[in-house]
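Q: Can you walk me through this model? Keep it quick.

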Amino acid sequence: MRFVVALTPILVGASVLLAGSAAGMVSMAFAGQVPLTVHAERVSGSNVTAAPGVSGRGGVLPALVTRLERGEVEDACTTSTAQLPVVGAVTVTVRIGRASAGDLSVETGMATAESVTLTGARLTTPQVSPQKPTGLFSVGAQKVDGRRVTTQPHAFTAGTITAHGIDIALDRRSGGCHSDKGKETS
């Protein structure tokens with residue numbers, strides 16, 4: 001019973017944020033200490049720039065900082081498991097059929113994809129002269145399209161998020177997203 005009472009404000013807050021963001025009314029930001037994994041069947045974006053950087057929450061972590069003017073995901077599943085005192089493992093799984101975001105910035109420690117297509121790709125290294133690079137590189141593209149993408153974001157911000165087909169599940173054990181074949185993917 002304490003578990004339900006303790007989680008009620010969190011679930012109500014999450015529902016309000018998701019409903020508001022689904023209507024395109026809420027700017028969103030996420031940063032947390034609990035590991036989060038995102039799986040998506042398809043990810044696409046426009047005016048994309050990615051560069052090595054740091055995520056500053058709870059200390060400094062190396063991160064790939066990616067900025068997109070516009071991003072879209074299809075068939076996404078986000079999962080996070082936390083160990084709570086007395087209760088034990090609690091897993092939150094959020095499934096999203098389709099979502100889009102504007103002015104999106106993601107700081108991630110890991111990303112994989114089955115395939116990636118870039119249109120208008122570019123690589124830049126800040127330099128004083130061609131022989132002396134002065135900073136980290138950045139990779140950009142006019143358009144990017146990835147299939148079967150998995151990432152573990154440290155943080156993200158978005159100007160707007162619009163989502164359709166949202167399903168939120170809370171489970172009192174470790175678990176997470178499953179593929180169509182029933183295999184554990186988190």
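A: Starting with the surface: the protein exposes about 11300 Å², and carbon and sulfur atoms supply 60% of that. Accessible areas come from the Shrake-Rupley method with a 1.4 Å probe, and for residues only the protein chains shown count as cover. This is a predicted model: local features need pLDDT of at least 70, side-chain atom pairs count only at pLDDT 80 or more, and totals for chains, interfaces and linings use all residues. Residues are numbered from 1 along each chain as its sequence is written, and side-chain values use heavy atoms, with hydrogens and water left out.

Q: What does the protein average in pLDDT?
A: The average is 78, and 69% of the residues score at least 70. pLDDT is the predictor's confidence in each residue, from 0 to 100.

Q: Where is the pLDDT below 50?
A: Residues 1-32 are one such stretch. Beyond near neighbours in sequence, that stretch has 44 contacts in the model. Contact means heavy atoms within 4.5 Å. Residues 179-186 are also below 50, with 15 contacts counted that way.

Q: OK, the fold. How many helices and strands in the protein?
A: There are 1 helix and 9 strands. Along the sequence the pattern reads α-β-β-β-β-β-β-β-β-β. Both kinds of element are DSSP runs numbered from the N terminus: helices are H or I with at least four residues, strands are E with at least two.

Q: How do strands 2 and 3 run?
A: Strand 2 and strand 3 run antiparallel, joined by 17 bridges. Two strands pair if DSSP finds at least two bridges between them. Alanine 51 stands opposite valine 65 in strand 3.

Q: And strand 3 to strand 4, how many bridges?
A: 19 bridges, again antiparallel, with strand 4 covering residues 88-119. Threonine 78 faces valine 94 of strand 4. The two strands form a hairpin with 3 residues between them. Valine 86 sits in that turn and has a positive phi of about 70°.

Q: Switching to charges. How many salt bridges?
A: The count is 5. A salt bridge here is a side-chain nitrogen of Lys or Arg within 4 Å of a carboxyl oxygen of Asp or Glu. In general, side chains of opposite charge can pair when their charged atoms come close.

Q: What does glutamate 41 pair with?
A: Arginine 148, with the closest N and O atoms 3.4 Å apart. Glutamate 41 is in strand 2 (residues 37-55) and arginine 148 is in strand 8 (residues 138-158), so the pair ties together parts that are 107 residues apart in sequence.

Q: Which residues are linked in a network of salt bridges?
A: Arg42, Glu74, Asp145 and Arg147. Arginine 42 and aspartate 145 have their closest N and O atoms 2.8 Å apart. That pair links strand 2 to strand 8, 103 residues apart. Arginine 42 also bridges to glutamate 74 at 3.0 Å. There, glutamate 74 is in strand 3 (residues 61-84) and arginine 42 in strand 2, 32 residues apart.

Q: Aspartate 145, buried or exposed?
A: Buried, at 17% relative accessibility. Glutamate 74 is partly exposed at 32%.

Q: Now the inside. Which residues make up the largest nonpolar core?
A: Val48, Leu68, Ala101, Leu104, Val106, Val144, Ala158 and Ile161, 8 residues. A nonpolar core is a set of buried Ala, Val, Leu, Ile, Met, Phe, Trp, Tyr and Cys residues joined through side-chain atoms within 4.5 Å. Strand 4 and strand 8 each give two or more residues. The largest share, 3 residues, comes from strand 4.

Q: What does leucine 104 touch?
A: Thr66, Arg67, Leu68, Phe156, Thr157 and Ala158, not counting residues up to four places away in sequence. Another core, of 6 residues, lies apart from the largest one, with Ala76, Ile96, Ala99 and Ala163 among its members.

Q: Last one: where is histidine 164?
A: In strand 9 (residues 160-171). Histidine 164 is partly exposed at 38% relative accessibility. Histidine 164 touches Ile96, Gly97 and Arg98, leaving out residues up to four places away in sequence. Histidine 164 and arginine 98 are 66 residues apart in sequence and 5.3 Å apart in space, C-alpha to C-alpha.

Terms used. Buried means under 20% relative accessible area, exposed over 50%, partly exposed in between (1.4 Å probe, protein chains only).
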